[in-house]
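Please open the model in a viewer and keep the selection panel at hand.

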Amino acid sequence: MYAYDEIDRTLINERVTEFRDQVKRRLSGELTEDEFKSLRLMNGVYLQLHAYMFRVAIPYGTLSSEQMRRLAHVARRYDRGYGHFTTRQNIQFNWIKLAELPDALADLAEVGIHAMQTSGNCTRNITADQWAGVAPGEIEDPRIWAELLRQYSTLHPEFSFLPRKFKFAITASQHDRAAIKVHDIGLRLHRNAAGETGFEVLVGGGLGRTPFIGKTIKPFVPGRDLLSYVEAILRVYNQYGRRDNIYKARIKILVHELGIEKFASEVEHEWQQMRDSALTLDDAVVEDIRSRFTYPAYEKLPHMPDELKQAAHDPHFEAWRKNSVAPHKVPGYAIVTLSLKPVGGPPGDATAEQMDAIADLADKYSFGEIRVGHEQNLALPHVARRDLPALWRALDKIGVATPNINLVTDIIACPGLDYCALANARSIPIAQELTRRFANHDTANLIGRLHVNISGCINACGHHHVGHIGILGVEKNGEEFYQITIGGRADENAAVGTLIGPAVPYGEVADVVEDIVEAYLALRARPDELFIDAVKRLGVEPFRERVYATR
Amino acid sequence: MTSPLQQKIKITGPSMVTANRTWDGVVIYRTAAKGWSTDLSEAAIVHTADDARALLAESVADDVGAVGAYIAPVQIRDGGAIKPGNLREQIRSRGVTIELPLPA
């Protein structure tokens with residue numbers, strides 16, 4: 001966990017006071033909506049179909065149990081008893097009243113949570129691998145650098161009015177769980193040939209209306225130069241990024257139109273003028289940040305304790321362990337993913353009761369720490385393997401032990417037309433129907449790793465472009481239709497999926513997905529050939545034929 | 001961004017003006033009495049672009065009471081019942097199409 005200092009606490013509290021005054025002036029009529037809108041957006045407050053929506057940041061996906069309890073409190077006291085974890089390590093509350101928002105913000109501020117820069121044309125929440133600091137083989141904890149970026153970008157005067165929003169993601173593992181290739185800037189911490197650590201910097205990735213996979217702009221930037229280099233990128237974007245057309249304003253369009261070589265040369269020119277400036281990170285600064293991260297006092301524990309040997313006789317436990325428990329860098333410990341994808345449930349939603357219970361379990365089994373992943377699940381990052389059976393029983397009781405991580409029912413979905421003012425079609429009911437169709441865990445396991453991503457509009461909050469199966473809701477003559485893509489992926493081999501054919505109506509989406517899965521099962525070269533690998537080998541055509549033969 | 005009043009207004013059937021209530025965001029409908037109601041059946045119905053523009057203009061003028069006013073289609077059933085004219089308005093009027101968690 002990172003411990004905020006007095007500067008952070010003051011900043012957050014001052015923001016609450018400021019926003020309370022802004023809301024008061026809005027409700028009295030002193031501020032018009034036009035004047036107020038940008039102020040509320042700077043505090044994560046959107047107007048959606050039914051109500052205001054409040055988006056709260058969970059920087060680099062790390063939460064303490066105390067913070068989780070406070071989120072539960074906000075859900076219960078100010079909303080309708082639940083929250084929605086998003087694809088960018090935020091949580092959204094869907095029914096909040098503007099008049100009560102300052103109180104909700106104040107309650108969150110007491111535990112160091114805020115909503116700054118969760119909206120607007122600024123640097124958004126810095127996201128990271130949810131297994132940061134505990135994944136085996138990691139170069140180092142990338143959250144140290146994420147925290148540096150958070151401090152650097154918070155209320156940055158030069159970059160508070162960028163042409164469009166700007167998103168960073170960071171990982172320090174070979175396997176990318178942070179989707180860095182579909183972010184405006186993606187950072188991969190690695191070692192160069194000389195054994196020094198630094199960053200591969202990718203730029204211009206993004207989804208939405210015009211999806212692009214990020215391109216490497218510099219293969220190695222030493223840590224001391226990280227801030228100056230990203231500042232050079234932001235300056236070039238701020239200068240040349242389009243402000244006349246919202247659909248062409250993201251950095252990905254600038255990189256695409258200039259070409260990566262020209263863009264890189266502009267950045268290099270800018271960087272050379274400022275790289276040895278105040279932004280250079282000396283070791284003491286990095287060490288200061290590092291020292292504010294506290295890590296558990298791990299015990300020396302056996303890899304295969306008696307508790308685990310005994311529980312292995314229970315097939316339900318074993319199914320969960322094999323699916324949801326991952327190796328930890330410390331022997332005797334494990335990383336446990338909590339599925340927020342129950343059969344028939346809205347992906348990413350958690351009730352206040354679940355949040356409270358998860359906080360208690362984090363205290364009991366995970367040194368009080370919880371992680372949020374971009375796949376809309378949670379994780380307990382420091383669980384002793386001897387505690388796995390007891391933890392599983394407790395998680396199962398509260399409905400977050402569905403053994404479907406990375407399987408067909410572990411669906412990423414945006415709120416869609418049930419909540420969102422931008423959506424053209426519903427996402428959640430499609431996801432719910434799919435989880436019912438594939439509810440049998442044996443079937444889901446037989447299918448293997450398969451990511452289904454659903455967005456209710458082209459803005460792609462459900463990351464449909466990079467789903468192994470992507471589903472995009474569109475509106476045709478007042479009816480909901482869905483375009484289906486296959487072959488997308490969000491990992492280190494990120495790719496944008498290919499459209500398989502004409503959009504299908506709402507009632508046929510689950511049938512189409514079943515057809516695609518059946519085609520895969522029939523066509524895969526061997527049982528361990530993953531769906532995504534089969535699509536790469538076979539192309540789209542066999543799947544298109546199967547889906548449209550009878551349509 | 002273009003003001004709703006500067007946008008070209010084209011309606012193809014009976015329409016109403018809807019918005020969200022400023023203090024809590026609740027869905028509201030402009031009434032013939034120049035007020036707001038949470039009940040769609042009390043919405044003022046217009047049939048021409050000119051009437052729609054006028055209704056929108058008076059709605060937008062109430063910047064303290066309502067936010068995001070816009071014109072939306074409705075269906076008038078036999079007997080005069082007013083129903084939402086598209087799926088978006090159905091969802092705004094009736095609520096989400098999924099089951100919400102029950103309060104503990």
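**Conventions.** This is a predicted model, in which local features need pLDDT of at least 70 and side-chain atom pairs count only at pLDDT 80 or more, while totals for chains, interfaces and linings use all residues. Residues are numbered from 1 along each chain as its sequence is written, and chains are lettered from A and ligands numbered from 1 in the order in which they are written.

**Domains of chain A.** Colour chain A by its four ranges: domain 1 (6-109), domain 2 (142-291), domain 3 (306-397) and domain 4 (412-548). These bounds come from an automatic or database domain assignment. Next, select domains 3 and 4 of chain A, whose C-alpha centres lie 27 Å apart. Each of domain 3 and domain 4 of chain A gives nine residues to their contact; two residues are in contact if their C-beta atoms, placed from the backbone, lie within 7 Å. On the domain 3 side of chain A, the residues that touch domain 4 comprise four nonpolar, three polar and two charged. Here Ala, Val, Leu, Ile, Met, Phe, Trp, Tyr, Cys and Pro count as nonpolar, Asp, Glu, Lys and Arg as charged, and the others, Gly among them, as polar.

**Strand 5 of chain A.** Select residues 90-96 of chain A, which form strand 5, with seven of its seven residues buried. A residue is buried if 20 or more other C-beta atoms lie within 10 Å of its own, exposed if 12 or fewer, and partly exposed in between, with C-beta atoms placed from the backbone. Strands (E, at least two residues) and helices (H or I, at least four) are DSSP runs, numbered from the N terminus. Strand 2 (residues 52-57) of chain A runs antiparallel to strand 5, joined by five bridges, and strand 4 (residues 82-85) of chain A is also antiparallel to strand 5, with two bridges. Centre on A:Gln92: it is the bridge partner of A:Arg55 and of A:His84. Four residues separate strands 4 and 5 of chain A in a hairpin, where A:Gln89 in the turn has a positive phi of about 55 degrees.

**The five-stranded sheet.** Now display the open sheet of chain A with strand order 6-7-8-9-10 and mixed pairing. Strand 6 (127-128) and strand 10 (215-222) of chain A are the edges; each has a single partner strand, so one side of each lacks a neighbour in the sheet. Strands pair if DSSP finds at least two bridges between them; strand 9 (residues 197-203) and strand 10 of chain A have five, in the antiparallel sense. One bridge to show is A:Val203 with A:Lys215.

**Helix 5 of chain A.** Select residues 143-153 of chain A: nine of the eleven are buried, so helix 5 is largely enclosed by the rest of the structure. Among the buried residues are A:Trp145, A:Leu148 and A:Ser153. Their packing partners include strand 7 (168-171), strand 8 (185-191) and helix 6 (226-240) of chain A. After helix 5 comes A:Leu155, with a positive phi near 55 degrees.

**A:Thr123.** Move to the loop between helix 4 (101-109) and strand 6 of chain A, where A:Thr123 lies. A:Thr123 is buried, because 25 other C-beta atoms lie within 10 Å. Beyond its neighbours within four places in sequence, its contacts include A:Ser153, A:His156 and A:Phe168. Its C-alpha atom is separated by 6.3 Å from that of A:Lys165, 42 residues apart along the chain.

**Chains A and B.** Finally, show the contact that takes 23 residues from chain B and 27 residues from chain A. Which element gives the most to the side of chain B that touches chain A? Helix 2 of chain B does, with four residues. The chain B side divides into 13 nonpolar, six polar and four charged residues.
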